[in-house]
Amino acid sequence: MTKKKVKKKRSAVRIVGDIVIILIILSLLGAAGWMLYKEFFPNNTPILKMQVTNREDNSIDWAALREVNPETVGWLSIEGTNIDTPVVQTTDNDKYLYTSFNGESDERGVPFLDMNYKWQPKSQNSLIYGHSTMRSGVHVMFDDLLYYYKDPNFITEHNKIVYRRPPELGGDGVWEIFAVLVVEQDYDYRQLEFADDESFLSYYQNIKNQSIVASNVSVQPGDEILTLSTCIFNVGLNDGRLAVIARRVS
């Protein structure tokens, strides 16, 4: 074989090798990109919100959202946090623990309204569950709720929750936080309905007394309550829960 042919052969091998290396790099970059996408865009929520939000008035197209998931009942957000998510409700409180908004199997789940919440007439307490930091370390939607425990001053700049619902389900509302609980999972903060104003006031006054943060927000008869509930670990509890509780102010 002539030197010229050997040189050509080596050149061809080098080209093939370069192509293989490029393909490997591209596949690694693609895998890394997908992992980052799954990590920082749980359930593709940012893209979903852009798709269903009216740019002119920032309203949500509930019909479009329900085309993706007909069990949609609202949208929850806290300014200055990563909490910005649709809320669903079904007849099984276990379903959305490991199911994404678009119905796929997903360990992060999606925040969901308690199955026992009634719409006609509405229950007084909207109880919404969601995952916080999982044992696997995967990012999930209610992670930032843990700051209400970690930083006593966090509530100062993050004391309001926006909970938007279709008009027929109560419309958009702003809710002001009056209590944050860190308790065992069997502590009673999940009551949805109350026999009368006296039992309602007594119940929430007791919760406010157990709060780990101070608040000047008072609860009044007829108030609509919003409770966000998530797990919390490494706080000296056997099966800890963190609950952020607010009353509707507008």
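Here are some friendly notes on this predicted model, point by point.

1. Let's start with the overall layout. The protein holds six helices and eight strands. Read along the sequence, they follow the pattern α-α-α-β-β-β-β-α-α-β-β-α-β-β. Of the contacts with a separation of 6 or more, 61% join residues 24 or more positions apart.

2. Next, burial and surface. The protein has 250 residues, and 43% of them are buried.

3. In soluble globular proteins, nonpolar side chains tend to be buried together. Here the largest nonpolar core has 29 residues, and those with the most contacts inside it are L76, L145, Y148, I161, Y163, L228 and V244. At least two residues of this core come from each of β1 (72–77), α5 (154–157), β5 (160–164), β6 (173–184), β7 and β8 (240–248). Apart from this core lies another, of 15 residues, including F178, V183, F200 and I225.

4. Leaving out residues up to four places away in sequence, V244 touches L145, Y148, I161, I177, A179, V180, L226, T227 and L228.

5. Rolling a probe the size of a water molecule over the atoms shows where empty space is left. The largest pocket has a volume of about 300 Å³. It is lined by 13 residues, of which L97, F112, Y129, C231 and R241 are the closest to its centre. Strand β7 (residues 225–231) gives the largest share of the lining, with three residues. By class, the lining is made up of five nonpolar, five polar and three charged residues.

6. The peptide bond from Q120 to P121 is cis, with omega near -15 degrees, and P121 is found in the loop between β3 (112–113) and β4 (125–129). The other detail is at N234, in the loop between β7 and β8. Phi of N234 is near 60 degrees, a positive value in a residue other than glycine. N234 is also exposed, because its relative accessible area is 82% and the cut-off for that label is over 50%.

7. E193 counts as partly exposed, because its relative accessibility of 36% falls between the 20% and 50% limits. Along the chain E193 and Q124 are 69 residues apart, yet their C-alpha atoms are separated by 5.5 Å. Not counting residues up to four places away in sequence, E193 touches N116, K118 and S123.

8. Finally, is S100 buried or exposed? With a relative accessible area of 3%, S100 is under the 20% cut-off and therefore buried. S100 is placed in the loop between β2 (84–88) and β3. Its C-alpha atom is 5.6 Å from that of V110, a residue 10 positions away in sequence.

Notes: Residues numbered from 1 in each chain as written. Predicted model: local features only at pLDDT ≥ 70, side-chain atom pairs only at ≥ 80, totals over all residues. Heavy atoms only, no water. 1 Å grid on protein atoms, 1.4 Å probe; cavity = no way out; pocket = protein on both sides within 12 Å on 5 of 7 lines; lining within 4 Å. Points joined across faces, edges and corners; volume = space filled by probe spheres on them. Helix = DSSP H or I, 4+ residues; strand = E, 2+ residues; numbered from the N terminus. Nonpolar A, V, L, I, M, F, W, Y, C, P; charged D, E, K, R; others polar. Buried < 20%, exposed > 50% of the residue type's maximum accessible area, 1.4 Å probe, protein only. Contact = heavy atoms within 4.5 Å. Core = buried A, V, L, I, M, F, W, Y, C linked by side-chain atoms within 4.5 Å.
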